[in-house]
Each structure stands twice: as C-alpha cells, then as structure tokens.
Amino acid sequence: MKKNINLKLLFNTMGSYKVTLVLSVIFSAVSAVVNIYAFTFVYKAANEIIMNIDNIGGLDATILQFYGKNIMFNVCGAFGLYGMSLLFSHITAFNTAAKLKIKLIKHIGTLPNGFFDSNSSGALRKLIEKNTDLPETLIAHQIPNTTQSIVLPIVFAIFMFKYNAIMAVACLIPVIIGFVLLMMIMAGNGGDFVKKYQQASADISNAAVEYVRGIPVMKIFSQTADSFKRYRDSSQSFIEYTKQFAMSMITADSSYNTAINAIFFTLIPTAIILGKKGGSPVISSFVFFASLIPMAVTMLKRIMSNSSETIIVSEAMERLEELLSEKSMEYNDNKKPETYGITFDRVSFKYTEDGPTVIDNINMVLPMGSVTAFVGMSGGGKSTLAALAARFRDCTEGRVLIGDVNIKDISQNDLNNLISVVFQESALLKTTLRENVSLYKKDASDEEILRALSLAQCNDILERLPDGIDTVYGAEGTYFSGGEVQRIAIARAILKDSPIIILDEATAFADSENEYLIRKAFKELLKGKTVIMIAHRMSTISDADEIFVIENGHIEESGNHQTLMEKQGKYKTMVDEYNSAVNWKIGEVM
C-alpha cells in the first residue's frame, strides 16, 4: 500500500475554493466543541438531581430549566454550525469537481490523436465521469466528518479527564485497541485492492462500451452477453476482486467494531468499583460518560469509513495525474509552408521508449500534387506513417516536412487547415447533416454544402431525407450505411478543401455500389492535392503516382503500378492474391 495519500492534484485544483474548505473545517470543528459542551450541562443536571435524591422536592426547577435550555441551545447551535460546514464543503466540492473535469477535458484536447488509439473511449469516459466525481463525496462529506472525528475525541478526552480521570482511562483502553486494529487494517493490502478495483472498474466500463456497440452483431447470431468473452471476463474479475476483499476484511472489521463498541465493557466495572468509594460524583460522571459514548462510537466508525474513502479518492487522483502527465502536443513555431509536398527524413518511431521500432529510418519524398499509396501486410507500419504525416504522433527520430517546414514548427490551426483525413470508420455527430458537413468550415453557405455533397455523390442520400441538409442524423430513424457515412465524410473533406488529403482504408467497408460512388467522389476530392492512400483493395491504388510497399517498418519496394508489376516482387504477389480472392466463387476448387 502507498504510505502517502496522494491528494495534491485535488487541492491544487481547488484554487480559491480552499478558503471555503477552510471555513467548512472551522465550522465543523466549532460544531464538535459546542456539541460536547452541551453534554456538560447533562452532567450538571444529573449531578443536581443526584445531590438532591433524598430531597427531591427541594430541587430548584429554575436551575434544571437553565441546564435544559443550555442543552437545547448548544445542540441546535452545533447542528446549525455543522449545516454551515456542509454548505461550504458542498460549494467547494461541486466547484472542484467541475474544475477538475474542465482541466481534464482541456488536457485531453491537447494530446496527440495517436493517444486515443491506445486508450479506449470506455476507460477515458470512466476517468472523466467517475474519477472526477469521487472527490465530491470526500470534500462535501468526508472532510467535515473527519474534522469532527478528530476534534470530538480530543475534546471528549479533555472533558473526560476533567470530570473523572480513572473512568477516562477505562474508556480509552478499547478506543486505543480499536485504533491499533485500524492502523493494521490500513497498513495491509487495502491500497493494493483499491488499485486493482479501479483497474477492474475501468476494464468493465470499457468492455461494456464494446458490448453495447456489438449488440446488433450479437443479435444476428443469437448470442448473449455471456458469449462476449471480454465483457464476461471483466465482469467476473470485478466480482472476484470485490468479493475477495470483502471476505478478507471480515475478521479485521469485526475486531475493530467489537473494540470500539466495548467501551461500556470497561466503563461499567470501573464505575461500580469507584461508586463504592466515591458516591454521587461517580454516578454523575458515569451518566456524563454514558451519554457521550454513543456519539464517540459513531465518530470512531466514521474514521474507518473516511480512511477507506480517502484511499479510493487517492487512487482515483493518481490515475488522473497519470493522464494529466501525458505529454501534450507542442507547437514550436508559427511557420507556414509555401508548398505542400511531404518529406520523411530519416524517420523512425516507437510507441514507447522501451518498445520495438515500428518505423525504421524511412526516407521518402511525396511531391506536391502527387498521389502516393502505402500498401503491405497489416501491422507493417502503413497507418503509422500516415499518422506521422498528419502529426497524430511525433516521430522518435528524424523529421517530417511539409514543403520545407518541419511539421513541428507549424501551428495547430494551420496544420488542421492543411490536412484532411478520411478514416476507415468515419463518424457523424448527432446533429444536422449541414453541421456534419460544415464541421471544419462553420461559415459555409448552403450552396457550398450542397455542392460538396453533390461532388461526393450524395444526391441519392439527400433525396430521401425529409428535411434535406437540416435533417438530424440519428433522429426519427434517420441513419446511414457505412458507405453513405464515408461519402458524407468525403463531402466534409471537399468542403474543407485542404491541400493534403490522407485516405486511411476509406473504402474498406463499402459495398460494390458505394465503393463505385466513393471512387467517383475521390476524383473530385483529390484534384490537385497531395494525397496519401492506405488500401488493401489493390484496385483502388493502381493509378497512384508512387506506390510504397511497407513491411516491418521498412520500404520493401517503390514505384508506380506498372514498374512494380514488372519487378515480379512482393507488390505483384499482393496484386495476384487480391485478384484471386476477388474472382473466387463458392464451390470453386482452389
């Protein structure tokens, strides 16, 4: 377990709300003192009654009324002060949680796009939604409670020793035993469990997102949640971790609760022994102690609860700090290239410092206005090269140039304007078709949007939409097929009109009709542009100016289609295998 509770990020995020947190602590502490002070009047009232037990008619009702009013006033005051403490703590909690969310989302927005390839949306969603909400309970409730849990026993002990030191010692013995047991519990494997629990929680969140996305496929094949291995395993792992920890804590938790509830076990015998010698003062002290013990036990239970909550929040903050420590994409200068060719100059790349080299000393020049295709087996490095060209990631060694400018010296805004990417799986927002197409050009006119859609071969889509470009995607059953989404993504890129286009398997999931329309759309999109194409369908790249065969991070072959076919090398083998697969028929003997 971590010896130091890590809440630095939380307190740094509070900013000026540290003042309201301090006010919350002050009001909570004063509330605890006032609460205990009320019990001194219980002692005085009990003492008054016991002193006059033989002459009950001689009791001064005025004094008892005075004590009663003071008890009521102090108890009400304690509640009011604690209410103020909660008010300030909630103000701090809600604002800190909001600031933490904003800080996290802003930072995520600065991370390279490649970061999201290795960090699932489910895991990030948990961090943003769940981990940032955990401090809310800690600040809003646990900090005021912890303050009272610390102050009450101290004030309690002071008053106990003031009224009867021997009884005070008798009460403290089980409390000390309880604290020793608590320290043993906290020094055990609790921290390790919380870490595993957080990981299991992130896994199940991610698996649940994947499962929901895969429901249509699972329904087609009549499968259930049990058949989705990752979701089942994540759920089982989560159950096992929780059950294992709960069972491991049975003895420790029972021992702790037994100890702190055993105060009467030591107090009553002590009071009986002292009562034989001391008379009425002992009885008054016993009444005072007995009235305070239930509150003291409650406070001690809170300490254990607060300690567990603090560990959970600390672990959550550690995970947020890990995310916030991810290096943001830095833009060193504000240079603008005058031409739009792309150069890879001795480029090498690793995903991690200790990881294998994915791209190894690549040198290539992609002239302005040319169409370049990357082909090769999956995992060879094609998409990584395209990601480096778009600066989704930064190369480990070497440099990528646009024109004669290092891509790192181009501002983020200029780089975004220079490059358009059509991904293998394009995404549409749940908004109007107009806003989806004009995503990168907010001031586009209706005429420009309709022209882009027409050039992207989307006229057939527009014809069936009830409100044309004002139809909301995802509303009232308005959805598009994968090929149609790709054509809308191409319309988006046509409207953006960037000088550099990257096509990452843009026709991978299209049927033959959509592929034909997408290829027609490409003719408009690619006119006069510097283009990088990644494709497994060899028919889509035969007209490329230059084709690079990428394998294991190296360039195995390069040239145009005709040249590579004449070489009788790997490219020809890939083309032949593709044609064989395309022409294959059911029942044909291979």
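User: Happy to start with the sheet: in what order do its six strands lie?
Analyst: This is a predicted model, in which local features need pLDDT of at least 70 and side-chain atom pairs count only at pLDDT 80 or more, while totals for chains, interfaces and linings use all residues. Residues are numbered from 1 along each chain as its sequence is written, and side-chain values use heavy atoms, with hydrogens and water left out. Strands are DSSP runs of E of at least two residues, helices runs of H or I of at least four, numbered from the N terminus, and two strands pair if DSSP finds at least two bridges between them. The sheet is open with mixed pairing, and its order is β6-β7-β8-β3-β9-β10.

User: Which strands stand at the edges?
Analyst: An edge strand here has a single partner, so one of its sides is left without a neighbour in the sheet. From one strand to the next the twist averages 20°, with axes fitted to C-alpha atoms and angles running from 0 to 180 degrees between N-to-C directions. The edge strands are β6 (419-422) and β10 (554-559).

User: Is arginine 391 buried or exposed?
Analyst: Arginine 391 forms a salt bridge (Lys or Arg side-chain nitrogen within 4 Å of an Asp or Glu carboxyl oxygen) with aspartate 394, their closest N and O atoms being 2.7 Å apart. Aspartate 394 is partly exposed at 27% relative accessible area; the class lies between buried, under 20%, and exposed, over 50% (1.4 Å probe, protein chains only). Because its relative accessibility is 4%, arginine 391 counts as buried.

User: In which helix do aspartate 576 and lysine 572 lie?
Analyst: Their side chains meet in a salt bridge of 2.8 Å, N to O. The two residues are four apart, about one turn of the helix, and both lie in α21 (residues 570-583).

User: How many charged residues are in the lining of the second largest pocket?
Analyst: This pocket has a volume of about 720 Å³, and among its 22 lining residues Pro112, Lys327, Phe349, Tyr351 and Asp394 are the closest to its centre. A pocket is an open set of points on a 1 Å grid over the protein atoms alone where a 1.4 Å probe fits, with protein on both sides within 12 Å along at least five of seven lines, and lining residues have an atom within 4 Å of a point; the volume is the space filled by probe spheres on points joined across faces, edges and corners. Asp, Glu, Lys and Arg count as charged, Ala, Val, Leu, Ile, Met, Phe, Trp, Tyr, Cys and Pro as nonpolar, and the others, Gly among them, as polar. The lining has seven nonpolar residues, six polar ones and, for charged, nine.
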